[in-house]
Amino acid sequence: MKTILITGSNRGIGFEIARQCGKKDFHVIISGRDEAGLKKAQKQLAEEKISVDILLLDVSNPDSITKAAKEFAKTKQS
């Protein structure tokens, strides 16, 4: 299974990309700055039988990028 990380994916285009990739059996990781928004998006997708993981990430913050990269590296890569 391929893994895909989508930034800014708790709404809008990113959310729709997550939905479409989830339907195609990708291992989807949604990311963004707003944990509550990510959890809401995760719940919405779960209602459609699409399972996604969450990764907090602020692409404008170097510390956030470093932390997220370490978390992402722990995921199984295909």
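Predicted model: local features only at pLDDT ≥ 70, side-chain atom pairs only at ≥ 80, totals over all residues.
User: How do you know which helices and strands the protein chain has?

Analyst: Helices (H or I, at least four residues) and strands (E, at least two) are DSSP runs, numbered from the N terminus. By that rule the protein chain has three helices and three strands, and their order along the sequence is β-α-β-α-β-α.

User: Why does the radius of gyration of the protein chain agree with that of a compact globule?

Analyst: The radius is taken over C-alpha atoms, and the globule rule is 2.2 Å times the number of residues to the power 0.38. For 78 residues the rule gives a value near 12 Å; the protein chain has 12 Å, and therefore the two agree. The C-alpha atoms fill a box of roughly 35 × 25 × 15 Å along the principal axes.

User: Why is Leu-38 called buried?

Analyst: Buried means under 20% relative accessible area, exposed over 50%, and partly exposed in between (1.4 Å probe, protein chains only). Leu-38, in helix α2, has a relative accessible area of 0%, so it is buried. Buried residues make up 35% of the 78 residues in the protein chain.

User: Why does Ser-64 count as buried?

Analyst: Ser-64 has 18% relative accessibility, and therefore it counts as buried. This serine lies in helix α3, residues 62–73.

User: Why is Ile-17 called partly exposed?

Analyst: Its relative accessible area is 38%, so Ile-17 is partly exposed. Ile-17 is found in helix α1, and its C-alpha lies 9.6 Å from that of Val-28, eleven residues away in sequence.

User: What makes a residue a contact partner of Leu-38, leaving aside neighbours within four places in sequence?

Analyst: Contact means heavy atoms within 4.5 Å. With those neighbours left aside, Leu-38 is in contact with Asn-10, Ile-30, Ser-31, Gly-32, Ile-54, Leu-55 and Leu-56.

User: What makes up the largest nonpolar core?

Analyst: A nonpolar core is a set of buried Ala, Val, Leu, Ile, Met, Phe, Trp, Tyr and Cys residues joined through side-chain atoms within 4.5 Å. The largest such set holds eleven residues, among them Ile-6, Phe-15, Val-28, Leu-38 and Leu-45. At least two residues of this core come from each of α1 (12–23), β2 (27–32) and α2 (35–47). In soluble globular proteins, nonpolar side chains tend to be buried together.

User: Why is Lys-49 called exposed?

Analyst: Lys-49 has a relative accessible area of 76%, and therefore it is exposed. Lys-49 is found in the loop between α2 and β3 (52–56), and its phi is also positive, near 65 degrees.

Note on methods:
Residues numbered from 1 in each chain as written. Heavy atoms only, no water.
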